[in-house]
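Good morning, and thank you for coming. Please look at the sequence and the structure as I show them, and keep them in view while I speak.

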Amino acid sequence: MGDPCYVIPDDEWSDFCHIMRDDGEDFEYKDETCRVIKTGGDGDFGGLSVDAGIIGVIPVSLCDPQSLKDTVPNHARLINNFATLEADYGIIIIDGEAINGLQCECSYCNGRGEWYYEDQMSYCDSCGCPVGSSCVEYGENGEYCSSWCKEEREPEDED
Ligand SMILES: [Zn+2]
Ligand SMILES: [Zn+2]
């Protein structure tokens, strides 16, 4: 799993690009099934280096052995399942887990929260759980995941 440009042999690269889909759906290349998703940019995506704007799950049999050795484990990962790939506005989700984002864990989202970039994420000043920017409950002295947590830290005067 990683950017296929590191492991597909150079002389096959243009063929590969011609055949590949970059929407996370399966495609066949040299009788092997591959998946590739567009990242929308290059750089580091949760420890995977991206240079061709894509992340893919490529069977080892298609990889150039030396390139594979050079690439894993610093820029790509060896995995033993055929992971699913999805993209959500630049967040890359592999097997249901974002590699470059965090999920809102507020009680409203309850485990089904949206994915956010790390810098769009706040942490509840009371319980510490990650809260997406659109779910934050703002208080006088902090940001909270819920009115419950806000109340805990900033009890309203009752008089
Ligand atoms: Zn939420
Ligand atoms: Zn909280």
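How many bridges join β1 to strand β2, and do these strands run parallel or antiparallel? Five bridges join β1 to β2 (residues 32-38), and the two run antiparallel.

Before I continue, a word on conventions. This is a predicted model, in which local features need pLDDT of at least 70 and side-chain atom pairs count only at pLDDT 80 or more, whereas totals for chains, interfaces and linings use all residues. Residues are numbered from 1 along each chain as its sequence is written, chains are lettered from A and ligands numbered from 1 in the order in which they are written, and side-chain values use heavy atoms, with hydrogens and water left out.

Helices (H or I, at least four residues) and strands (E, at least two) are DSSP runs, numbered from the N terminus. Two strands pair if DSSP finds at least two bridges between them.

Let us return to β1 and β2. Within this pair, Glu28 has Thr33 of β2 as its bridge partner, and Asp23 stands opposite Ile37 in β2. The two strands form a hairpin with two residues between them. Lys30 lies in the loop between β1 and β2, and this residue has a positive phi of about 50° although it is not a glycine. As background, most residues other than glycine have a negative phi, and most peptide bonds are trans.

Two bridges join β7 (residues 91-94) to β8, and Ile94 has Glu97 as its bridge partner in β8.

Where is a cis peptide bond found? The bond from Val72 to Pro73 is cis, with omega near 5°. Pro73 lies in the loop between α2 and β6.

I turn now to the division of the protein. There is a domain 1 (4-98) and a domain 2 (103-153), with bounds that come from an automatic or database domain assignment. The centres of the two domains, taken over C-alpha atoms, are separated by 33 Å.

Glu105 lies in the loop between β9 (102-103) and β10 (115-116). Leaving aside neighbours within four places in sequence, Glu105 is in contact (heavy atoms within 4.5 Å) with Cys129 and Pro130. Glu105 and Cys129 are 24 residues apart along the chain, yet their C-alpha atoms are separated by 6.3 Å.

Thank you for your attention.
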